[in-house]
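Please examine the model shown below alongside the account that accompanies it.

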Amino acid sequence: MSDPFGIIDGTKKVTKTLNESVKASEELSKAIDGVLAVADKAAKERAASRKNSRVVNADTTTIIEAVDEFQRLMLAKQSEEKIKHEIVKKYGEKAWEEIQGIKARKQWEDKRDKYLEQSDRRVMKSVMALCYIFATWVAYECTWGRWK
């Protein structure tokens, strides 16, 4: 039986195009998922390390660690007092105020860096969402739209 209108050939071409668009969509989805997985893994690792640094358990090692941290903080305060005394004695009170200003600036910069890192993460997630939307649109156009 012959096909005078080319329906069979047209159906084969449409089927082939659909299969190719499905494959392309799957590959694009895998690539996007891979990038998202890497970003999520990095964010989870940072969150876990922050959480682990704050975890308090009822065991003796936690108490020992707390005492150690307290001793480090006390040593730091004592060292700061000694340094303040030396600086004020050698350079005057104004020099110590400048050092405190530098310390405050460094703390502010650290806070700003953390904020910018969070902002970058938000932007990256927005870009990934746009990639998903674009991939969906391309898959739709390749499958049912004008590009078939």
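The model is a predicted one. The protein chain contains 3 helices and 0 strands, and its elements follow one another as α-α-α from the N terminus. Of its 148 residues, 10% count as buried. As for the contacts between residues at least 6 apart in sequence, 51% join residues that are at least 24 apart.

Helix 2 covers residues 60–91. Its 32 residues reach 45 Å from the first C-alpha to the last, close to the 46 Å expected at 1.5 Å a residue. Directly after helix 2 comes Gly-92, which adopts a positive phi of about 105°. With 51 residues, helix 3 extends 75 Å between its first and last C-alpha, close to the expected value of 75 Å at 1.5 Å a residue.

Which residues of helix 3 are buried? They are Ala-95, Trp-96, Ser-119, Met-128, Ala-135, Ala-139, Glu-141 and Thr-143. Each of these counts as buried because its relative accessible area is under 20%.

How many cavities of 30 Å³ or more does the model contain? The count comes to 1, and the largest cavity holds about 50 Å³ of space. By class, the lining comprises 5 nonpolar and 3 charged residues, with no polar ones.

Is Lys-125 buried or exposed? Its relative accessible area is 53%, so Lys-125 is exposed, the cut-off being over 50%.

The aromatic side chains provide the last topic. A pair of aromatic rings is described by the distance of the centres and the angle of the planes. The model has 2 aromatic pairs. In one, Phe-134 and Trp-137 have ring centres 5.9 Å apart and planes at 40°, a tilted arrangement. Phe-134 and Trp-137 are about one helical turn apart, because 3 residues separate their positions in helix 3. Phe-134 counts as exposed at 51% relative accessibility, whereas Trp-137 is partly exposed at 37%.

The other pair joins Tyr-140 and Trp-144, whose ring centres lie 5.9 Å apart. Their planes stand at 45°, so this pair is tilted as well. Tyr-140 has a relative accessibility of 44% and therefore counts as partly exposed. Trp-144, at 61%, counts as exposed.

Methods: Residues numbered from 1 in each chain as written. Predicted model: local features only at pLDDT ≥ 70, side-chain atom pairs only at ≥ 80, totals over all residues. Heavy atoms only, no water. 1 Å grid on protein atoms, 1.4 Å probe; cavity = no way out; pocket = protein on both sides within 12 Å on 5 of 7 lines; lining within 4 Å. Points joined across faces, edges and corners; volume = space filled by probe spheres on them. Nonpolar A, V, L, I, M, F, W, Y, C, P; charged D, E, K, R; others polar. Helix = DSSP H or I, 4+ residues; strand = E, 2+ residues; numbered from the N terminus. Expected span 1.5 Å × (residues − 1). Buried < 20%, exposed > 50% of the residue type's maximum accessible area, 1.4 Å probe, protein only. Phe/Tyr/Trp six-rings, centres within 6.5 Å; stacked < 30°, edge-to-face > 60°. Contact = heavy atoms within 4.5 Å.
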